[in-house]
2 protein chains.
Amino acid sequence: MLLKDARVQGLRAGQVLFLQDEPSDALFVVLEGWIKLYRTAASGIEAVVGTMRDGQSFGEAAALCGQPWPVSAEAISPARLLRLDARHVRRLLQSDPALATSMLAPAFQRLQQLIAHIEVLKTCTSVQRVAEFLLDLIAECDGDGPVALPYNKALIAGRLGIKPETLSRTFARLRDHGVQVDATTVHIEDVVRLRDVMVEAVS
Amino acid sequence: MLLKDARVQGLRAGQVLFLQDEPSDALFVVLEGWIKLYRTAASGIEAVVGTMRDGQSFGEAAALCGQPWPVSAEAISPARLLRLDARHVRRLLQSDPALATSMLAPAFQRLQQLIAHIEVLKTCTSVQRVAEFLLDLIAECDGDGPVALPYNKALIAGRLGIKPETLSRTFARLRDHGVQVDATTVHIEDVVRLRDVMVEAVS
């Protein structure tokens with residue numbers, strides 16, 4: 001019933017799904033690949049607000065409130081999305097209160113992620129931000145072999161709110177903590193040693 | 001019906017309403033005063049996530065999803081709040097789908113505010129952050145007389161993600177743009193001149 005009229009949409013890497021301030025008419029579930037959510041400031045500088053991967057959904061709040069998109073969305077790898085028509089979902093909501101409550105959950109999760117992101121931007125050094133990013137990355141993978149970086153380094157820097165050159169310098173500094181990064185992969189010798197960086201006052 | 005069992009709660013300046021990770025059991029509407037929402041990082045550093053004033057509500061998402069509080073809340077002035085029992089609101093939601101949809105709206109507004117805040121943290125210089133804060137402040141007041149600062153300077157700095165000493169330096173620099181700040185009030189000679197700061201590449 002929820003998936004009535006849902007359709008699968010493919011995107012090439014770099015393809016824009018929607019732009020901020022455009023009317024929103026759909027919610028999306030990522031089936032495959034990575035989607036970048038970002039704002040473009042009046043100065044032209046881009047602020048990455050989130051990176052969504054398979055299993056994650058976005059657009060609930062904008063589409064259900066009938067508000068324009070607060071962010072732009074762009075595929076940062078080849079991607080496949082499930083697109084749910086917002087009007088159809090709003091009609092369903094009228095007859096199914098449980099669905100409405102369940103729709104609050106992803107909006108709440110997004111709130112929590114944004115709050116955590118603000119905390120990191122305001123309280124963590126760049127070394128701590130990079131260490132946390134790498135720890136999240138390996139937590140999602142099993143085993144201790146090399147892990148592929150999910151997207152390019154300029155975007156990783158943007159996501160962490162640091163300059164690309166600061167990211168390169170930080171990767172170099174983390175070599176002393178058993179972290180090897182090449183163009184596309186990262187190898188972490190010892191997770192415990194990297195986790196220690198998070199509590200040390202490294203600046 | 002929604003306000004059944006609602007009660008008014010008074011807080012002294014500095015009084016804590018709830019702490020992050022505690023169970024959430026209510027939604028709040030600010031009737032009077034200011035409430036600070038903040039996270040305390042593992043390092044002990046506090047990150048201000050929002051400052052809520054009269055007419056604004058918070059806690060919808062946490063209380064309706066039955067999740068622990070993602071933030072702590074503390075009164076930063078004497079305050080009065082309307083406290084709605086979350087269980088009562090959840091029961092109402094079962095029978096009133098329109099209420100559920102209307103509850104998504106504040107959660108969405110909060111999302112938009114957080115996204116805008118991340119944009120500012122990632123793209124604006126400290127001078128631009130302070131100028132924007134002052135412009136928001138006078139937009140809420142009529143007339144061009146002195147405007148009271150809503151809370152103390154340490155908290156303003158925290159809200160803007162800059163150090164207190166940077167805030168003092170920025171206030172001093174803004175004198176050249178017709179802005180006079182003393183202990184508790186700000187006087188802006190010319191809004192247009194201040195607005196120009198937002199587009200200039202002041203660093």
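Author: In this predicted model, a residue is called buried when its relative accessible area is under 20%.

Reader: Why is Ser24(B) called buried?

Author: The relative accessibility of Ser24(B) is 11%, and the cut-off is under 20%, so Ser24(B) counts as buried. Its place is in the loop between β2 (16–18) and β3 (26–32) of chain B.

Reader: Which residues is Ser24(B) in contact with, leaving aside its neighbours within four places in sequence?

Author: Ala62(B), Ala63(B), Gln67(B), Pro68(B) and Trp69(B). A polar atom of the Ser24(B) side chain lies 3.2 Å from the backbone oxygen of Ala62(B).

Reader: What makes Cys124(A) buried?

Author: Cys124(A) has a relative accessible area of 18%, and the limit is under 20%, so Cys124(A) is buried. Cys124(B) is buried too, with a value of 18%.

Reader: How many disulfides are there over all chains?

Author: The count is zero; a pair would need its cysteine sulfur atoms within 2.5 Å.

Reader: How many aromatic pairs are there over all chains?

Author: The count comes to 14.

Reader: Why is the pair of Trp34(A) and Tyr151(A) called edge-to-face?

Author: Ring centres must lie within 6.5 Å to pair, and planes over 60 degrees apart count as edge-to-face. The centres of Trp34(A) and Tyr151(A) are 5.2 Å apart and their planes stand at 80°, so the pair is edge-to-face. Trp34(A) is in the loop between β3 (26–32) and β4 (35–40) of chain A, and Tyr151(A) is in the loop between β9 (147–148) and α5 (153–160), 117 residues apart. Both residues are buried.

Technical notes. Residues numbered from 1 in each chain as written. Chains lettered and ligands numbered in written order. Predicted model: local features only at pLDDT ≥ 70, side-chain atom pairs only at ≥ 80, totals over all residues. Heavy atoms only, no water. Helix = DSSP H or I, 4+ residues; strand = E, 2+ residues; numbered from the N terminus. Buried < 20%, exposed > 50% of the residue type's maximum accessible area, 1.4 Å probe, protein only. Polar contact = N/O pair within 3.5 Å; in protein donor to acceptor, adjacent residues only side chain to side chain. Contact = heavy atoms within 4.5 Å. Phe/Tyr/Trp six-rings, centres within 6.5 Å; stacked < 30°, edge-to-face > 60°.
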